[in-house]
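I opened this model to look up a handful of sites and the contact between two chains. My entries are below, in the order in which I made them.

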Protein chains: 2
Amino acid sequence: MKISIVKIGGNVIDDPAKLQEFLMLFARLEGKKILVHGGGVMASKFGQQLGIEPKMVDGRRITDEATLDVVTMVYAGMINKKIVAKLQQLEQNAMGFTGADGNLIRSAKRPVKDIDYGFVGDVKEVDTELMEVLLEKDVVPVFSAITHDRKGNLLNTNADTIASEIATAMAVKHTVRLYFCFNKAGVLIDEHNDDSLVPKINEDIYDELKRDNVIHSGMIPKLDNAFSALHKGVSNVWLGKAENLILASKGKKSGTNIERHRYDLY
Amino acid sequence: MKISIVKIGGNVIDDPAKLQEFLMLFARLEGKKILVHGGGVMASKFGQQLGIEPKMVDGRRITDEATLDVVTMVYAGMINKKIVAKLQQLEQNAMGFTGADGNLIRSAKRPVKDIDYGFVGDVKEVDTELMEVLLEKDVVPVFSAITHDRKGNLLNTNADTIASEIATAMAVKHTVRLYFCFNKAGVLIDEHNDDSLVPKINEDIYDELKRDNVIHSGMIPKLDNAFSALHKGVSNVWLGKAENLILASKGKKSGTNIERHRYDLY
């Protein structure tokens, strides 16, 4: 089957009007589809209200037990279920999941080296069989960015990674398109100017832009995820604004299309 | 198929040791099974920490929007996902749901008469077909007490009612046993004395005990739910302590068995 996997980030989640607009577009997306959502600022907001201060080590967020409770409540509870209810209203048979549900995404607690990240998981396995059963029944899975280790622990997991891992696992048997919606028009030469969009990027261009420090910080793991998915069999990866999702799905000019040119030879 | 539907209440949820003990028993329960959990005191606790005071009218709790967010976070997020992760550790392929997920339980916002209960739902329809698909795949559905109206609203719903409604919907095609686990040994003549247990109750005895004010307050909706389920085709209803679940499932003496004697004649 053909499956679209769409990841939306905090900028869409945090703005009810934007979220509603996005969900209406997502509902129009044809064929089988899976949504993966990040958390946005709400977890930090609720955490602070509950007196739980974000813990950072070397600029990286640490997920202690109290923080894990908060992200589980906010991501898997409030955000996930609101999205599901709104998609149901749009006649999409959405079903919300963490990786623990149905053991759909098993991860391993990140080993402690220099930093103990706490309850953070690296994805190990996606159960494609159960997912296929659901997709065949026209269920639209909606994933929050939480997985588990099958040892009883829930684990905070990067939402981009979850989208990529689901995409690559499903790509073994199916044709998969992966859409990363975020707060920019795509890969930009000047990050403050949407007109500087790079409409197509391959690994040669990526390496060049990294070398010249045009692509840096948050964009690097995002694009690494994208290229990794392409290497592992995902057909297309797209990066752009949520509002351009339908254009992108119809192959019309918008956002950045990520291509594995370097691998086109074989 | 034979399906056991087990409802656990706040007294189990609020005590991590009791919850773990219960989940180990639940894992041992043979055959297809569905778990329904209430919320316990955690929602009130978090609500207060977030500055949301419980709203009561005539002794009844009102679910305003802020309260709905809190119960969604706590019931569908933290509690539901913790239970799922722990059941996964016990090699049960648990999958956590609200009624919104997969449109499994559709309800209607309670109409405003004397009291506006806010975002509270009365169950209208259970999707047994999708549930059967999951049960056949050995998935163990775990429901939190939240449903939706398919108009985009999540709705707070009584957990006993959810358990009864799932039971009666599944009873149309299957043999269903319904277990209500709560903080007492069963129906008691003296509510402070577990030795005053009524091992079997039918509607004649129920009417008598109500008339004599032996059964009152919270027990009445619980037993009404139980008898309603029996009338609608559920095979057995049991009421007792979570720790006696396995005994009850093997037909051994424990708790209160609820019988529809009055209807045995036809």
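These notes cover the record, the listed sites, the chain contact and a few loop residues.

**Ground rules.** I am working with a predicted model, in which local features need pLDDT of at least 70 and side-chain atom pairs count only at pLDDT 80 or more, while totals for chains, interfaces and linings use all residues. Residues are numbered from 1 along each chain as its sequence is written, chains are lettered from A and ligands numbered from 1 in the order in which they are written, and side-chain values use heavy atoms, with hydrogens and water left out.

I looked up the UniProt record, an unreviewed entry, which lists residues 3-238 of chain A as "domain: Aspartate/glutamate/uridylate kinase". UniProt positions are in the numbering used here, feature names are shortened, and annotations may be inferred rather than shown by experiment. I noted 40% helix and 25% strand over residues 3-238 of chain A, with the end C-alpha atoms 14 Å apart. Helices (H or I, at least four residues) and strands (E, at least two) are DSSP runs, numbered from the N terminus.

Which residues does UniProt list for "binding site"? The unreviewed entry gives A:Gly39, A:Gly40, A:Arg61 and A:Asn156. They are spread over 118 residues of sequence but cluster in space, the largest C-alpha distance being 13.8 Å.

I checked the two glycines in turn. A:Gly39 is in the loop between strand S2 (32-37) and helix H3 (42-49) of chain A, and A:Gly40 is found in the loop between S2 and H3 as well. Is A:Gly39 buried or exposed? A:Gly39 counts as buried because its relative accessibility is 9%. A:Gly40, at 28%, is partly exposed. The classes are buried under 20% relative accessible area, exposed over 50% and partly exposed in between (1.4 Å probe, protein chains only).

For contacts (heavy atoms within 4.5 Å), I left aside neighbours within four places in sequence. A:Gly39 is then in contact with A:Ile13, A:Asp14, A:Tyr75 and A:Ile79. A:Gly40 is in contact with A:Gly10 and A:Asp14.

**Chain A against chain B.** The contact takes 39 residues from chain A and 40 residues from chain B. The two chains bury about 3,300 Å² between them, 65% of it on carbon and sulfur atoms. In chain A, A:Met73, A:Lys81 and A:Arg150 lose the most area to chain B, together 17% of what that side buries. Buried area is the accessible area (1.4 Å probe) that two parts lose on being put together, summed over both.

How many salt bridges are there between chain A and chain B? I have six, each a side-chain nitrogen of Lys or Arg within 4 Å of a carboxyl oxygen of Asp or Glu. One salt bridge joins the side chains of A:Glu129 and B:Lys137 (3.7 Å, N to O).

On the side of chain A that touches chain B, H3, helix H4 (65-89), strand S5 (93-97) and helix H5 (128-136) each supply at least two residues. The largest share of that side, 13 residues, comes from H4(A). A polar contact is a pair of N or O atoms within 3.5 Å; within protein, one must be able to donate a hydrogen and the other to accept it, and residues adjacent in sequence count only if both atoms are side-chain atoms.

**A:Asn153.** I found A:Asn153 in the loop between strand S9 (146-148) and strand S10 (154-156) of chain A. A:Asn153 counts as partly exposed at 27% relative accessibility. Its side chain makes a polar contact of 2.8 Å with the side chain of A:Asp149. Not counting residues up to four places away in sequence, A:Asn153 touches A:Phe119, A:Thr147 and A:His148.

**B:Asn202.** B:Asn202 lies in the loop between strand S12 (200-201) and helix H7 (203-211) of chain B. B:Asn202 is buried, with a relative accessible area of 9%. Its side chain reaches the backbone nitrogen of B:Asp204 at 3.0 Å, and a polar atom of that side chain lies 2.9 Å from the backbone nitrogen of B:Ile205.

**Positive phi.** Most residues other than glycine have a negative phi. Phi of A:Asn213 is a positive value, near 60 degrees. A:Asn213 sits in the loop between helix H7 (203-211) and helix H8 (219-231) of chain A, and counts as exposed at 54% relative accessibility. Phi of B:Asp138 is also positive, near 65 degrees; B:Asp138 lies in the loop between helix H5 (128-136) and strand S8 (139-144) of chain B.
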